Amino acid sequence: MSEPQQPIPHPVMQLAPPQPAVAAAPPPIVQQVVAPTQNIPLPTAHQQSQLPAPVPAPSVPLITPGALSYSAASAQAVPATPASASIKPLKPEPVRPVQQQLDEWTNRYAEYLTRHKTNLAAISLRPRGLTNRSNYCYINSILQALLGCSPFYNLLRSIPKQAAVLSEVKTPTVNAMMSFMTNFSSLPSGLRLRLNNLNKGSQSKGKDEFVGSDLQCDMAFEPTEIYKLWNDSREEHVEGRQEDAEEFLGYVLNKLNDEMLEVIKLIDKPTPQQNGQEPAEPEDGGDVWQMICNNRNKGSVTRQTDFGRTPVSDIFRGELRSRLQREGEHSTDVIQPFFTLQLNIEKAASVKEALEILVGRDQLEGVTGSKTKQEVVAWQQMTLEKLPVVLILHLKYFDYRSDGCTKILKKVEFPVELKIDAKILGSKKTSQKQRAYRLFAVVYHDGKEASKGHYITDVFHSGYSSWLRYDDSSVKPVSEKHVLQPHTPRVPYLLYYRRSDTLPPQQQQQSQQQTANGGGAVVGSSSSSSNAGDSNK
């Protein structure tokens, strides 16, 4: 297996910001009835992606501590602070002048995605392995983790298939993932109880390992449709080459989000007012700005682009606030969305420490004042602005440098119960319950080198109330201790956490009980370790 490609700015995995109206570009669409004689073609996703996004001239580069996954590209430059301290309302997306009547299936598809509410109900599926004939473990591991995310599974199983397939706006990634989910059947309740009771009996006798003889699995299969989708998206696909699991995860989430957004936009009807305020034209050619005053009456300029919502963003998207502060001036803030939160672990011994490093204050050099044009004292700081329903943490074990990529071999502790400390958050609107998370999946990278290795996934199965280990076609029960304490060179690469207040009541009680028994970790307290390994493939 050759060395995985360096994930430079994830070119195919950017959350696409809303595109401004450009004279040379095909006009956007609004759901209105017109004369049937008109036949205006819908702009393709490729055409829309070519529209230039408004990025103001940078006054100082924003240095992001730890590259952020799938953030707004426009967050890399910050214009000078406006002199006025009055509130400047966010500008809604302009009304689309072009009109076109949608076909029945496209309209039904768009209506469904627009009105969809996240279904948090628990699922219990019969486990099923995924065969691997060409080093696709990085894909299989991600698919098993996403399958263990019930809001995601419920979404894809609920989309009206006929509408998605027959819609004039094609959504190949959505369709492929919908098809993949149909390969799994529900686990009969009787089987759940049987293994559950055996496991409890085993634990009561002081045994570490779960009983796996009664684990009911369906025959492993090869998700060829997903493989083809991924391979077709690659400019240079080399069969059998190992790839980065986090890169594939970003590809899936961003493609799903972008495809859904294209459909939703067809019936999106922007209102002439937003938040009860008249829209104001931006002074800088299209960027969305808002002046916010804090308790000390010191203004801060916040730049935020409306990236639109989709059923996928409702589940996975969080937001970061990046603040640039020049001495003697108002701070300039940029809100950046993310699907996976990337954490530098080189100087961290735990997820708690990695999060603290993320929000640490970084001194900047060579920054000039907006008025004096002379060098001033300046610093930058990140905070979490919005927490998602499903928080995916990417522990950056691969160290990319000019001379190649190496793997950092060290322990990084991570808990089952994670509590985000209030000091990590930029907003005080988040309640204590909304800051508590429970681990439900871990994707590990096993191997001493970045260019060689193997991915496996542990997923908490709600039906069996125990952890299962998915190693391509192999599926077996595993104890929580082994989930949290892997042996080097196996390391936890991606951690999937579900916000505790969105869990079903029974799982919420389990979380509360475990926290009461000392099993949780406040991003300030640590719990079981996370390093290391099984055999490589």
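Tutor: Buried here means under 20% relative accessible area, exposed means over 50%, and partly exposed lies in between. We are looking at a predicted model. Let us start with a residue that needs that cut-off.

Student: Is Asp-472 buried or exposed?
Tutor: Asp-472 sits in the loop between strand E18 (466-471) and strand E19 (474-478). Its relative accessibility is 8%. The limit for buried is under 20%, so Asp-472 counts as buried.

Student: What is the phi of Asp-472?
Tutor: Most residues other than glycine have a negative phi. Asp-472 is not a glycine, yet its phi is positive, at about 55 degrees.

Student: Where does Asn-135, with its positive phi, lie?
Tutor: Asn-135 is also a residue other than glycine, and its phi is near 55 degrees. With a relative accessible area of 24%, Asn-135 is partly exposed. Its place is the loop between strand E3 (128-130) and H3.

Student: Which kind of peptide bond runs from Thr-488 to Pro-489, cis or trans?
Tutor: Pro-489 belongs to the loop between helix H12 (480-484) and E20. Most peptide bonds are trans. From Thr-488 to Pro-489, however, omega is near 15 degrees, and the bond is cis.

Student: On to charges: how many salt bridges does the structure hold?
Tutor: Side chains of opposite charge can pair when their charged atoms come close. Arg-326 is buried, at a relative accessible area of 2%. For the structure, the number of salt bridges is 20.

Student: How many residues apart in sequence are the parts tied together by Glu-417 and Arg-438?
Tutor: These two side chains meet in a salt bridge with an N to O distance of 2.1 Å. Glu-417 is in strand E15 (residues 417-419) and Arg-438 is in strand E16 (residues 436-446), so the parts that the pair ties together are apart in sequence by 21 residues.

Student: Are Glu-417 and Arg-438 buried or exposed?
Tutor: Glu-417 has a relative accessibility of 3%, so it counts as buried. For Arg-438 the relative accessible area is 7%. Under the 20% limit, Glu-417 and Arg-438 are therefore buried.

Student: Which strand holds Arg-490, the partner of Asp-446?
Tutor: Arg-490 and Asp-446 form a salt bridge, with N and O 3.2 Å apart. Asp-446 lies in strand E16, so the pair ties together parts that are 44 residues apart in sequence. Both residues are buried. Arg-490 lies in residues 490-499, strand E20.

Student: Which residues are linked with Arg-321 in a network of salt bridges?
Tutor: Another arginine, Arg-323, belongs to this network.

Student: Turning to rings, how is the pair of Tyr-455 and Tyr-493 classed?
Tutor: The count of aromatic pairs comes to 14. In the pair of Tyr-455 and Tyr-493, the centres are 6.1 Å apart and the planes stand at 50 degrees. Planes under 30 degrees apart count as stacked and over 60 as edge-to-face, so this pair is tilted.

Student: Which strand holds Tyr-455?
Tutor: Tyr-455 is buried, with a relative accessible area of 2%, and Tyr-493 is buried too, at 1%. Tyr-493 lies in strand E20, and the pair ties together parts that are 38 residues apart in sequence. Tyr-455 is in residues 454-461, strand E17.

Student: What is the angle between the planes of Phe-460 and Trp-467?
Tutor: Phe-460 is buried at 14% relative accessibility, and Trp-467 is buried with a relative accessible area of 3%. Their aromatic pair is edge-to-face, with 5.7 Å from centre to centre and a plane angle of 75 degrees.

Student: Over the ring of which residue does the charged end of Arg-438 sit?
Tutor: Elsewhere, Arg-361 lies over the face of Trp-379, at 3.7 Å from the ring centre. For Arg-438, the charged end is 5.8 Å from the centre of a ring, and that ring belongs to Phe-460.

Student: Last one: is the crossing of H3 and H9 left-handed or right-handed?
Tutor: The axes of helix H3 (residues 137-147) and helix H9 (residues 245-264) come within 9 Å and cross at roughly 55 degrees. That makes H3 oblique to H9. The crossing is right-handed.

Conventions:
Residues are numbered from 1 along each chain as its sequence is written. This is a predicted model: local features need pLDDT of at least 70, side-chain atom pairs count only at pLDDT 80 or more; totals for chains, interfaces and linings use all residues. Side-chain values use heavy atoms; hydrogens and water are left out. A salt bridge is a side-chain nitrogen of Lys or Arg within 4 Å of a carboxyl oxygen of Asp or Glu. Buried means under 20% relative accessible area, exposed over 50%, partly exposed in between (1.4 Å probe, protein chains only). Helices (H or I, at least four residues) and strands (E, at least two) are DSSP runs, numbered from the N terminus. Rings of Phe, Tyr and Trp (its six-membered ring) pair if their centres lie within 6.5 Å; planes under 30 degrees apart count as stacked, over 60 as edge-to-face and the rest as tilted. A charge sits over a ring if NZ of Lys or CZ of Arg is within 6 Å of the ring centre and within 35 degrees of the ring normal. Axes are lines fitted to C-alpha atoms, for helices over the stretch in contact, and angles run from 0 to 180 degrees between N-to-C directions. Angles under 35 degrees count as roughly parallel, over 145 as roughly antiparallel, 65 to 115 as roughly perpendicular and the rest as oblique. A crossing is left-handed if the near helix is turned anticlockwise from the far one by less than a right angle, and right-handed if clockwise.
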